[in-house]
Amino acid sequence: MLKNKLKAPKTSNMPKVINGGLGRSKWAKVKIKGNVMSEENIGLEGLIGLEILKDYDSTLIETKQTKFVKNYNRTKSKKPEKPFTESNEHITASDSEDEENQFGSPNKKQTNQERIAKKLNKRLTKKKQRKQQRNQNAEHCQPEDRFKFIRPPPNYIEENVEQKVTEAEKCSDVDDFHDIDDLEGWTGMGVPNAILKALAEKGFKSPTEIQRLTLPAAILGKKDILGAAETGSGKTLAFGIPVLTGIMELKEKNISTGIRKPLHKSEHKNKFRKKKVDGMFSENIPYPNDSDLSDNDSAEIDDSKPLYALILTPTRELAVQIKNHILAAAKYTDIKVAAIFGGLSIDKQERLLNKGPEIIVATPGRFWELFQQDQKHLRKLDEISFLVIDETDRMVEKGHFEELRNILNIINKDDQKKQSRQNFVFSATLTLVHDLPEHMQRRNFGKRPRFITQTPEMKLQSLIDELGISQPKIVDITRKQQLAQNITECRLMCPIECKDYYLYYFVQRHPGRTIVFCNSIDCVKRLTTLFGILDTQPLPLHANMAQKQRLKNMEKFCKQPCGLLIATDVAARGLDIPNVEHVIHYQVPRTSENYVHRSGRTARANKNGITIIIMEPGEVKNYTKLCKTLKKTENLPLFPISEHYLKAVKDRVDLAREVDKEELKLKRVQTEMGWMKKHAEEMDIVIDGYNDEYGSDQDEDAFIIERRRNRMNLLNARSQLKTLLTKMIFPKNFSFKYPTASGQLQVPEISRLTLDAEENPEHSAIKVMQDTIEDIKRAKMMRNKRKKT
């Protein structure tokens, strides 16, 4: 029986505590030294740490230590040549007790104890050898997958999101924490400290809602993001920060592509040498990120820098804006960004690409043109790791941006590369759908309708299929009415010939940074000329302008606190112009998307704004469709207009129209005269009157008489308008009861800065409209009370 017990098989290496005999055994308590997740401020809060121990270490294990029985101590004293220490933690005194109970004679007990002592010594020597071998192995090699992290699934992250913390979060200088300590809202999202420091300098203390919901899934889970958020909600950084973080991670791994499934190191060994810098990402030294090159810059191609990310935008101004935002976030990294768009020299943009920027922000047309020219930096377009399409609903519309479809065909050619690429799709109207047109609704009858109304889910699924998205994460935080909550909506009803009156009235009555949107370029040109005559200094913006002039006008408008920008839908999407107070739709937008994006130029960054539709009777039908698509149950309230001041406004606008008309006539006559004079000089013919600039009283030629008459009418109209513009339309504290109460007639000089909205908040258009809405609500409540009584 003793022989069977001593030769019991070792079925497990786990330590046991034997209580009350060999038949009953329990698991020993294991105590791990230290806390696996004890480090703070590394973004691992709320994570569960599991330590996988394949070979147990005695220093990590504790068992109950008991005293041995007296008989065993006597045996130990009799045989000192076989030392036995009390440090044996795995064999307890219960073994000797059981043996003593079974053998009664002293001789048997003595021999039994000797055998047990020999067995224990053998076990001790073997255990010590195993300890030394394990310690040596642990010093030389530490398994990479020893620690595995499991993140509890919150509302916005799926269950199988793996926690990945880059070395940039761990290796940061002590000085950086002085700036990053205030950014508590960014913790736990995986944003590197190099980017956090740049955000701290810009004053972004906490992420916006769209950023808070998308960054963890994009950075930690490497998901494809489909984001729908209101205008001005911070969508640019919602995709800019994950792209920068992913590029930094790829550079650390020394690979050029495949953010989800990195290629084997053997395939790309020493292909791209990592640039050594002081520190992990040299967070204390801002890198020269400006990718603009002068004509003297070198055109040598940098083959060591692959193209990591491509960001496509519908407009040129939006491409410049996104580039500036990403450059600001990448200030303390070595990542370079280049903007590629039409209207500028293609040679200069080729030199930009030869410098090897990691991120390209481009419009589809110019990017496709450079790709067709076999630009070397774009040859491996299908190996990009990040693809961003901003304002996606506009980009994928049929009949627009055919170059985008060609780019997608090349990028999605290889299915394996498509799976490893991370995609970002953002727009304020990503989930906005329309009803069927009337001609389809008339044909859509019977039990089996021929046409199906598109739902938001169908629209998103079509985008996923068309763009090649494999791991989508949809984040939709748009409101039911699509617009931001702090936008005040209203309308103005007037005949078509009175639109200019109401527009000039609003601009003069409520000064502030204003954008006027038109549906056509001709309308922009006409309004720019008319309001230029009225001395309001308007700035045009449309697609037919030279690109340099468009950029200059945008810069001027951003610098003027009461600037007036008259633009087409080129300026409707994505532009982040600070402190725009008013958005005026001179014509009802053709689509509800245009209305949402136009109105989104104001009320950005949690500021208030107002959007006004100037509507004539012929546009009521489009207005009704717009309200139905945006699910508005009531008409927009009317903006209050004082008829008392409207007469003075009409006099000025009528005179400005007359000046414009006379200038056009004079220009036409001079063009015709110039044509005849040019041909007369070529034929060496002298025509009476045409060679005389001012003519004479005896001249009876019709062209000369008409030119002289036009000049006189133009001078008279200009002088009258100048006189009117020196008078004030909306004087301060002027009741119109006693014009000479101050002792003299109040005729101050007119200026758009006469009524400053900051000094006179009661004159602000937003305040006036909000008071009007409150009055309408009170009147409605009074009517309801009267009906009940």
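Which residue is the bridge partner of Ile340 in strand 8? I looked this up to open my notebook, and the partner is Ala362.

**Entry 1: ground rules**

I am working with a predicted model, where local features need pLDDT of at least 70, side-chain atom pairs count only at pLDDT 80 or more, and totals for chains, interfaces and linings use all residues. Residues are numbered from 1 along each chain as its sequence is written, and side-chain values use heavy atoms, with hydrogens and water left out.

**Entry 2: the whole protein**

I found 25 helices and 17 strands. Helices (H or I, at least four residues) and strands (E, at least two) are DSSP runs, numbered from the N terminus. Of the 789 residues, 45% count as buried; buried means under 20% relative accessible area, exposed over 50%, and partly exposed in between, with a 1.4 Å probe and protein chains only. I also looked at contacts (heavy atoms within 4.5 Å). Among those between residues at least 6 apart in sequence, 77% join residues at least 24 apart.

Next I traced an open sheet of seven strands, in the order 7-8-6-9-10-5-11, with parallel pairing. Strand 7 (337–340) and strand 11 (472–476) stand at the edges with a single partner strand each, so one side of each has no neighbour in the sheet. On average, neighbouring strands here are turned by 15° against each other, direction ignored. Axes are lines fitted to C-alpha atoms, for helices over the stretch in contact, and angles run from 0 to 180 degrees between N-to-C directions. Two strands pair if DSSP finds at least two bridges between them.

**Entry 3: around strand 8**

Strand 7 and strand 8 pair in the parallel sense over four bridges. Strand 6 (residues 309–312) is also joined to strand 8 (residues 359–362) by four bridges, again running parallel.

**Entry 4: strand 5**

Is strand 5 enclosed or open to the outside? Five of its five residues are buried, so strand 5 is largely enclosed by the rest of the structure. Asp224, Leu226 and Ala228 lie on one side, with Ile225 and Gly227 on the other. I counted five bridges to strand 11, where Leu226 stands opposite Ile474. Strand 5 has four bridges to strand 10, and Ile225 stands opposite Phe424 there.

**Entry 5: the helices**

Helix 8 (residues 209–220) lies across strand 5 (224–228), strand 10 (422–427) and strand 11, running at about 170° to strand 11. The axes of helix 8 and helix 9 (residues 235–253) come within 9 Å and cross at roughly 20°. These two helices are therefore roughly parallel to each other; angles under 35 degrees count as roughly parallel, over 145 as roughly antiparallel, 65 to 115 as roughly perpendicular and the rest as oblique. Residues that meet there include Ile210 and Leu215 in helix 8, and Leu237 and Ile241 in helix 9.

Last, I checked Ile195, which is in helix 7 (residues 193–202). At 0% relative accessibility, Ile195 counts as buried. Leaving aside neighbours within four places in sequence, Ile195 is in contact with Ile241, Leu244, Thr245, Met248 and Ala329. Ile195 and Leu244 are 49 residues apart in sequence, yet 8.3 Å apart in space, C-alpha to C-alpha.
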